[in-house]
Number of protein chains: 2
Amino acid sequence: MFNLIKNHDCRQELKGFEVKATPARLAVMKFLESSNQPVDVNAILDYLTRESIHADPATIFRMMNAFVDKGILKKIDFREGKTRYELSSKGDHHHLVCTNCGNVERIEDSHMKEFEEEIKKKKKFLVKSHSLEFFGICQNCQS
Amino acid sequence: MFNLIKNHDCRQELKGFEVKATPARLAVMKFLESSNQPVDVNAILDYLTRESIHADPATIFRMMNAFVDKGILKKIDFREGKTRYELSSKGDHHHLVCTNCGNVERIEDSHMKEFEEEIKKKKKFLVKSHSLEFFGICQNCQS
DNA sequence: TTGACAAATGCAAATGGCTTGCATATACTA
DNA sequence: TAGTATATGCAAGCCATTTGCATTTGTCAA
């Protein structure tokens with residue numbers, strides 16, 4: 001029943017973005033909502049396999065691009081040679097990526113707004129988006 | 001003669017990083033120094049061709065990785081599906097990438113130090129590096 | 001200056017993320 | 001419930017990047 005509610009929510013959301021609500025898409029949305037860090041296409045495919053939902057990689061890549069274009073998702077780059085994706089609805093924040101263990105922590109955005117204002121004023125450049133990730137050693141790996 | 005001096009400088013620099021100074025490497029360093037924005041491997045190969053220096057792509061990719069490991073270069077991602085590289089010696093700054101015309105402008109780093117301090121204090125995360133690029137519309141493309 | 005050795009290179013093949021063309025299937029709307 | 005735009009599957013292909021291996025070339029000590 002919980003799933004039904006969830007699926008219903010996503011259905012509405014996808015409708016709002018003018019994209020069709022297919023089983024694969026609903027499952028992907030559910031996965032993205034439940035994930036506490038940006039995921040890559042392989043993680044999505046694995047999840048779908050676990051859920052016994054068949055999907056071709058090409059379909060997922062196309063889905064990701066469509067969702068990014070619609071503003072549903074953001075692309076995130078952790079310098080892994082592949083793209084990760086995150087729900088835009090998760091709000092503005094950045095990531096602390098541990099280069100030792102791979103752990104990812106969220107950190108709220110507290111300086112970018114003013115930075116972007118500054119850019120608009122000083123450079124007359126209209127910022128649409130930015131990417132900011134921090135790389136280093138997490139607390140756990142320091143000891 | 002100017003070139004000799006330049007080459008000599010790079011030779012010393014490379015020596016400092018404990019890597020061998022080959023003709024290709026000296027040329028690449030010269031190119032990176034003269035460039036006012038991060039360059040990709042193809043741009044490097046084109047430059048070398050113009051300078052009549054033969055080099056295999058694999059060699060350049062290996063060179064880039066070695067230089068990044070040694071701290072000579074930084075990797076930069078402009079969301080183009082390929083990596084750009086920039087001399088670390090060019091200092092801390094970020095880029096304004098126009099998604100319309102592709103123009104790249106530098107902007108000095110004015111908020112990251114405090115942000116990183118905050119991260120160290122609040123999250124006990126030891127920041128080694130970060131990536132920050134802004135995407136939007138440049139002044140030229142706004143009119 | 002030379003000889004030895006580690007490091008760098010060239011070439012070819014392979015990898016991997018991502019895209020594309022086309023035929024088919026499916027979700028939405030009237 | 002039929003019609004249509006959209007989404008999907010599959011196969012082929014693209015492009016950035018890596019890798020194995022044989023060969024060459026800096027570097028440094030003698």
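These legends walk you through several close-up views of a predicted model.

In this predicted model, local features need pLDDT of at least 70 and side-chain atom pairs count only at pLDDT 80 or more, while totals for chains, interfaces and linings use all residues. Residues are numbered from 1 along each chain as its sequence is written, chains are lettered from A and ligands numbered from 1 in the order in which they are written, and side-chain values use heavy atoms, with hydrogens and water left out.

**View 1. Chain A as a whole.**
Let us start with the overall layout. Chain A contains six helices and six strands; here helices (H or I, at least four residues) and strands (E, at least two) are DSSP runs, numbered from the N terminus. Along the sequence they come in the order α-α-β-α-α-β-β-β-β-α-β-α. Taken along the principal axes, the C-alpha atoms of chain A fill a box of roughly 45 × 45 × 30 Å. Chain A has 143 residues, and 40% of them count as buried. Buried means under 20% relative accessible area, exposed means over 50%, and partly exposed lies in between (1.4 Å probe, protein chains only). Among contacts in chain A with a separation of 6 or more, 44% are between residues 24 or more positions apart; a contact means heavy atoms within 4.5 Å.

**View 2. The surroundings of DNA strand D.**
How many residues surround DNA strand D? There are 23, and the closest are A:Lys20, A:Arg25, A:Thr59, B:Phe61 and B:Thr83. Sugar and phosphate make up 61% of the atoms of DNA strand D that come within 4 Å of the protein. A residue is near a strand if one of its heavy atoms lies within 4 Å of it. Look for the side chain of A:Arg25, where an N or O atom is 2.9 Å from a phosphate oxygen of DNA strand D. The bases are reached too: a base oxygen is 3.1 Å from an N or O atom in the side chain of A:Arg62, and a base nitrogen is 3.3 Å from an N or O atom in the side chain of B:Lys20. The elements giving two or more residues to this surface are α4 (57-70) of chain A and α4 (57-70) of chain B. By class, the surface near DNA strand D has eight nonpolar, seven polar and eight charged residues. Ala, Val, Leu, Ile, Met, Phe, Trp, Tyr, Cys and Pro count as nonpolar, Asp, Glu, Lys and Arg as charged, and the others, Gly among them, as polar.

**View 3. The surroundings of DNA strand C.**
Now turn to DNA strand C, which 22 residues surround. The closest are A:Phe61, A:Thr83, B:Thr22, B:Arg25 and B:Thr59. Of its atoms within 4 Å of the protein, 63% belong to sugar or phosphate and the rest to bases. A base oxygen of DNA strand C is 3.0 Å from an N or O atom in the side chain of A:Arg62, and a base oxygen is 3.1 Å from one in the side chain of B:Arg62.

**View 4. Helix α4 of chain B.**
This helix has 14 residues and reaches 20 Å from its first C-alpha to its last. Which residues of α4(B) are buried? They are B:Ile60, B:Met63, B:Met64 and B:Phe67. These residues are on the same side of α4(B) because they cover an arc of only 100 degrees around the axis; the arc is that of the directions from the helix axis to the C-beta atoms. The face turned away from the buried side carries the exposed residues B:Arg62 and B:Asp69. At the start of α4(B), a side-chain oxygen of B:Asp56 reaches to within 2.9 Å of the backbone nitrogen of B:Ala58. After the helix comes B:Gly71, with a positive phi near 90 degrees.

**View 5. Helix α5 of chain B and B:His130.**
The buried residues of α5(B) are B:Met112, B:Phe115, B:Glu116 and B:Ile119. On the other side of α5(B), B:Lys113, B:Lys121 and B:Lys122 are exposed. B:His130, in strand β6 of chain B, is buried, with a relative accessible area of 17%. The side chains of B:His130 and B:Glu116 are joined by a polar contact of 2.6 Å. A polar contact is a pair of N or O atoms within 3.5 Å; within protein, one must be able to donate a hydrogen and the other to accept it, and residues adjacent in sequence count only if both atoms are side-chain atoms.

Methods:
Expected span 1.5 Å × (residues − 1).
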